[in-house]
Amino acid sequence: MPNEEKLSGVLSEFARTMVTDFPIQRILDRLVERIVEILPITGAGVTLITPSAEPHYIAASDDSALLYEQLQAEVGEGPCLLAYDSGEAVCVADLSEEGRFPAFTPRALDAGLRAVFTFPLRNGSSRLGALDLYREEPGPLEKDAMEAAQTLADVAAAYLLNAQARAELSETSARSHFSSLHDALTGLPNRVLLVELLEFALMRATKSDVLPAVLFADLDQFKSINDTYSHRIGDELLIAVAKRLGNLLRSSDVLGRLSGDEFVMVCEDLDDPSQVDVIAQRISSALGSPFELSCGLVDMTASVGIAVADHGESAEEILHRADMAMYQAKSKGRGRHQIIDVHEQAESERRTTLKFDLHTAVRNQELHVDYQPIVKTSDRRIIGFEALLRWTHPIYGPISPSVLIPLAEEAGLIGAVGAWVLAQACIDRRRWSAVDAAAPLGVSVNVSPHQLMEPDFVDSVKATLGCSTSGIDPALLTLEVTESVMIHDSARALLVLDDLKQLGVNLSLDDFGTGYSSLNYLDRFPADVLKIDQTFIGRLDQGHPSQAIVASIISLSRTLGMKVVAEGVETLEEHQFLSEIDCDACQGFYFAQPMPSNEIDLLIERPDASGAVLLPVSFTPSHRDQLGSTIKSAFCASLDTLIRPIES
Ligand code: C2E
Ligand code: MG
Ligand code: MG
């Protein structure tokens, strides 16, 4: 007969503790521990049973009880299973006389068990398991004890149900937490988790000098795998790639899948940023061998972009940079990798913006043409102007033509931009015709090799020269072409140049001596003018070799029947030397900087008595800066006094 007080003590203890977070195993342990204290038994055990599964939970008050529990589970029969199946208590007061459990009974008797009383852990019409009370002496259990045992089994079952529901809930929420942070296909961290881990890495990096690097790998032509085979094969490939990339990871690295075929590796403890190069090569070789998929062997490469974090950068910013680097790598061909640093990134973004904005630059009147005078070396009379393109970007300010022209070529706009410059130069030149009848001034327009090679280039020049607003005498126009035009298809370049000559325009070989510089084509190049590049002129003060080179270029041009213009003349000494060796014309800051067309308007309005247009004496950069905004009025007022007398 159990002590009523003890039973109610156990029940109220269960009520107190088990409503809270008691886990299943602890409930079972407590049940068997307390029941041996209040009932006349030698041991107790409990097993939770899940149909067609191994028992998850077993508790026992001692080793013998554990052995009896395990024995029943092992042989698949015994009072525990019978109580579970029937839902009724099972009484075996003398095991030696028990015949229902032929596999269990003899082994249990051998182990010392004499009597067993089992109570189902009931859950409505089904059961969770059973509670076994063991005795090592035969004999029945009194009715009160039987009732108390069933009460405890029922109470425990209620708490177990509760605990089971809690466990399931927390398993589900753990599962959904995991799946919200992981990619379902590969099990790798997804973008959300990757960004979080990268932020942590950046935080750690603020305390050390080692900055993390991000490698952004994108499979080349992955779409064609999906299209050629199927999405199932595509998925197989992604899983295989994730596995191979995963094998490259060191303990501190993280690999994630951002989306589709984009994988990102965050490498934290790099001794030297150059190590990322090695890692990128490892990625390439890891993907180098074919993948064995269910459709057969499939080859795959990846393009990898790399960004090493900069101080103060956010995870999203680094990812963006690595993404951009990946695109650069891809544009160079398959299976490449590319590292870009912050400054390159800023420059590349600036170029992207500029390229985009160039489309609207003409319409927004951001482009204009400046003109730099070209003077006759002997008397400094202005013989013409070189048209130089200018772009004032609303955000970045003035953009040098050496940046602008390649951008226009990349954006496929060089034809349009070049045509605009040519038309503008011709329009301005038409306006000057009114005043320069006595000394016809030439206008030179630069033509880039890309522009020259465009199929309709000659026609567009012809159209401009024949147009009612921009039409001028072709003899006044000089097109400046650099030697590099001969690099790719010299035969076609020569044909175009000949066609241009047929139009009656002059051709000038610009920047001579810096580019292709093969004398091989010089006799076939139908140039009228050769412009010696400013690097040679800038070295004239160094004496013999440079002076000899310039003198030789001049005599070579004479032989070939070309006039010579020296570019970049900046000093009196340079001018004097060029006069001595009979260089035909000069252009440079010593005479004048490039200036807007309205200043040229003012300049040519004041020819001297012979009709020659001369430059003011101090038309040098510093003087122009001093004049600042008053340049026009000061320029007009002082023009007469500033005109440099012709050197005697
Ligand atoms: P370029 O045709 O050789 O033009 C001469 C360049 O030298 C100009 O630079 C001019 O400002 C600069 N310069 C003139 N005198 C001096 C001097 O005494 N010292 C120094 N240091 N520089 C001097 P800019 O305007 O920056 O143009 C650079 C290049 O951009 C041009 O070289 C030309 O190749 C190209 N470019 C300019 N406008 C156009 C254009 O409308 N179309 C094309 N295709 N190219 C253009
Ligand atoms: Mg030029
Ligand atoms: Mg030049």
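Strand β17, which spans residues 477-482, directs Leu-477, Leu-479 and Val-481 to one side and Thr-478, Glu-480 and Thr-482 to the other, and all of them are buried. The strand is thus described as mostly covered, with six of its six residues buried. Buried denotes under 20% relative accessible area, exposed over 50%, and partly exposed the range in between, computed with a 1.4 Å probe on protein chains only. Strands (E, at least two residues) and helices (H or I, at least four residues) are DSSP runs, numbered from the N terminus.

The model is predicted; local features require pLDDT of at least 70 and side-chain atom pairs count only at pLDDT 80 or more, whereas totals for chains, interfaces and linings use all residues. Residues are numbered from 1 along each chain as its sequence is written, chains are lettered from A and ligands numbered from 1 in the order in which they are written, and side-chain values use heavy atoms, with hydrogens and water left out.

Strand β17 has paired neighbours, where pairing requires that DSSP find at least two bridges between two strands. Strand β16 (residues 442-447) pairs with β17 in the parallel sense over five bridges, and Val-445 stands opposite Leu-479. Strand β18 (residues 506-512) also runs parallel to β17, joined to it by five bridges, and here Glu-480 faces Ser-508. Between β17 and β18 the chain passes through helix α17 (residues 490-503) in a right-handed β-α-β crossover. Right-handed means that, with the strands pointing away from the viewer, the path from the first strand over the helix to the second runs clockwise.

The metal sites come next. Donors are N, O and S atoms within 2.8 Å of the metal (3.2 Å for Na, K and Ca); water is not among the atoms, so sites may look incomplete. Asn-446 in strand β16 and Glu-480 in strand β17 are 34 residues apart and link distant parts of the chain. Asn-446 is partly exposed at 28% relative accessibility, while Glu-480 is buried at 1%.

Asp-510 bridges ligand 3 and ligand 2, two magnesium ions 3.9 Å apart. Asp-510 is buried, with a relative accessible area of 5%, whereas Asp-511 counts as partly exposed at 24%.
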